[in-house]
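User: Hey, I've got this model open and I'm a bit lost. Can you walk me through it?

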Amino acid sequence: MSTELDALRQTVRDFCDAEIRPHARQRDREESYPAELLPGLAELGILGAAIPEEYGGVGLDPAGYRVVIEELGAADSSIRSLVSVNVGLVGKSIVRWGTEEQKQRWLPGLCVGELGAFGLTEPGAGSNPSQMTTRAVRDGDGWVIDGAKIFITNGSRGAVTKIFARAVVDGEDRGITCFLVPQDTPGYGGRAIHGKLGLRAGDTAEIFLERVRVGDDAVLGEVGGGMKVALSALDDGRFSLASGAAGLAREALEVSLRYAEEREQFGSPIASKQLVQELLAAMHVDVQACRGLLDQVVAKLQTGERATLEISTAKLFCTEASVRCADRAVQVHGGYGYIDEYPVQRMLRDARVTTLYEGTSQVQHLIIGRMLTGHNAF
C-alpha cells in the first residue's frame with residue numbers, strides 16, 4: 001500500500017478512535033442520530049471523499065475511497081452507512097449523470113453535511129423495481145410526484161433525495177425516471193424508523209410523497225432513463241458496502257484476538273485453545289479473501305471501466321463474510337459477546353443487514369450468474 005494511502009488510513013482511524021468508537025455503544029443503545037459528527041466528517045473531507053475537488057470534495061480515487069469506508073465500517077456501521085449513501089449512491093451519481101447546474105447546486109452541500117438519500121425501495125417493490133408505483137405526472141412545465149418509499153438512509157435528515165418514479169406524460173408511462181427532490185419541498189415527509197436490529201444510530205426512514213412539485217431541472221439523467229441511473233449508483237453503493245463490510249470483518253477479528261489473549265480459562269489464555277484458534281483462523285481467511293476481492297474491484301475501477309461483476313462478487317462475499325466473522329467473534333467472547341460491554345454483538349446486528357440492502361445476497365447470485373452465462377434469471 002502506498003505511503004499516501006497509509007497516511008489516509010491513519011487519519012481516518014484516528015478520527016474514529018477519538019470521535020466514533022467511544023460513543024458507538026451509547027448511540028446504539030439510544031438509537032441516537034450522530035448529528036454532532038457531521039462537522040468533523042466534513043472537515044476531514046469524508047463526506048465528499050470521492051466527489052471532485054471543483055465541487056467541494058477531495059476527489060479520492062477508488063483505492064482511497066475504499067480505505068475511508070473500510071475504517072468507518074470497522075468503527076461503526078451506522079456512520080459508514082450515512083457516508084456511503086451520501087457519497088456512493090448520491091454524490092457519485094450526480095457527478096456521472098447530473099447537469100452542470102445540478103452539480104453546482106447539490107455537490108458542495110453534500111460535502112459539508114447536507115446529506116443525500118437514495119429513494120428506490122418501496123413498501124411493495126424491493127428487489128423488483130418493475131413493481132414501483134410512485135408516479136411523477138407531467139403537469140405544465142414541471143412534475144407532480146405521489147408515492148411512498150421505505151428503508152431510505154438519510155431520508156428524514158438529509159437535504160435531497162433521489163426519488164425514482166414512473167414518469168407519466170399525457171397518460172402514457174414513459175418509464176422509471178430519477179428526480180432530485182429537496183427534502184424541504186412541500187408534500188415531502190420523512191419519518192425515521194425505530195426498533196431496527198442494527199444500524200440503530202442511522203437515519204433509516206419511510207418517505208411519503210403527496211403532490212410533490214418539482215421542475216424539469218430536477219430530472220437526473222433522462223426521462224425514462226432512471227434504471228440506468230439506479231444501476232450505476234448501485235455499483236457505487238455496493239462497492240462502498242463491500243468495503244465497509246470488509247472493515248467490520250477485520251475489526252471483529254482484531255477485537256477477538258485481543259480478547260482471546262486476555263481471557264484465561266483452564267490455566268491459560270483461550271488464544272492457546274485449538275477450537276478458539278479454529279474460529280480465529282476462519283475469520284482471518286475471510287478477511288484476507290475480502291481484501292483480495294476488493295483489490296480486484298479497485299484495479300478494474302482504476303482503469304475507468306465498469307466493474308459490475310467484480311463489485312457484485314465482492315458485495316456478496318464481503319457482506320456474508322462480515323456476518324460470519326461477527327458471529328464467530330461473539331462465540332470467541334462467550335457470554336460477554338452477548339452483552340454490549342464488548343462491541344461484537346453490535347457488529348453482528350449491524351452486519352446482518354448488509355446481506356439485504358442494495359441488492360440481497362440472492363440478487364447478487366443472479367447478477368453474477370447473468371454476467372457469467374448471458375442468461376437472465378430474474
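User: Which residues have the most contacts inside the largest nonpolar core?

Analyst: Those are Ile20, Leu41, Leu47, Leu72 and Val83, in a core of 41 residues. A nonpolar core here is a set of buried Ala, Val, Leu, Ile, Met, Phe, Trp, Tyr and Cys residues joined through side-chain atoms within 4.5 Å. Buried means under 20% relative accessible area, exposed means over 50%, and partly exposed is in between (1.4 Å probe, protein chains only).

User: Which helices supply at least two residues of this core?

Analyst: Helix H1 (3-30), helix H2 (38-43), H3, helix H4 (77-97), H6, helix H7 (274-302) and H8 each do. H3 gives the largest share, 7 residues. The labels come from DSSP runs numbered from the N terminus: helices (H or I) have at least four residues and strands (E) at least two.

User: Before I go on, what kind of model is this?

Analyst: It's a predicted model: local features need pLDDT of at least 70, side-chain atom pairs count only at pLDDT 80 or more, and totals for chains, interfaces and linings use all residues. Residues are numbered from 1 along each chain as its sequence is written, and side-chain values use heavy atoms, with hydrogens and water left out.

User: Ok, back to Ile20. What is it in contact with?

Analyst: Leaving aside neighbours within four places in sequence, Ile20 is in contact with Phe15, Arg27, Leu37, Leu72, Ala75, Asp76 and Ile79. Contact means heavy atoms within 4.5 Å.

User: New topic: how many aromatic pairs are there?

Analyst: The structure holds 5. Rings of Phe, Tyr and Trp (its six-membered ring) pair if their centres lie within 6.5 Å; planes under 30 degrees apart count as stacked, over 60 as edge-to-face and the rest as tilted. Take Tyr65 and Phe239: the ring centres are 6.3 Å apart and the planes are at 55°, so this pair is tilted. Tyr65 lies in helix H3 (residues 62-75) and Phe239 in helix H6 (residues 226-262), so the pair ties together parts 174 residues apart in sequence. Both Tyr65 and Phe239 are buried.

User: And why does the pair of Tyr259 and Tyr342 count as edge-to-face?

Analyst: Because the planes of Tyr259 and Tyr342 are at 80°, with the ring centres 5.3 Å apart. Tyr259 is in helix H6, while Tyr342 is in the loop between helix H8 (308-333) and helix H9 (344-352), so parts 83 residues apart in sequence get tied together. Tyr259 is buried at 5% relative accessible area, but Tyr342 is partly exposed at 25%. Ring pairs also link Tyr259, Tyr336 and Tyr342 into a cluster.

User: You mentioned H9. Why is it largely enclosed?

Analyst: Because 7 of the 9 residues of H9 are buried. They are Val344, Gln345, Arg346, Met347, Arg349, Asp350 and Ala351. H1, H3, H4, H6 and H8 are included in what covers them.

User: What does the side chain of Glu122 make a polar contact with?

Analyst: The side chain of Thr134, at 2.7 Å. The Glu122 side chain also reaches the backbone nitrogen of Thr133 at 2.9 Å. A polar contact is a pair of N or O atoms within 3.5 Å; within protein, one must be able to donate a hydrogen and the other to accept it, and residues adjacent in sequence count only if both atoms are side-chain atoms.

User: Where is Phe266?

Analyst: Phe266 sits in the loop between strand E9 (264-265) and strand E10 (268-269). Phe266 is exposed, at 80% relative accessible area, and has a positive phi of about 55° although it is not a glycine.

User: Last one: what does UniProt place at residues 117-212?

Analyst: The unreviewed UniProt entry puts "domain: Acyl-CoA oxidase/dehydrogenase middle" there. UniProt positions use the numbering used here, feature names are shortened, and annotations may be inferred rather than shown by experiment. In the model, residues 117-212 are 0% helix and 57% strand, with the end C-alpha atoms 16 Å apart.
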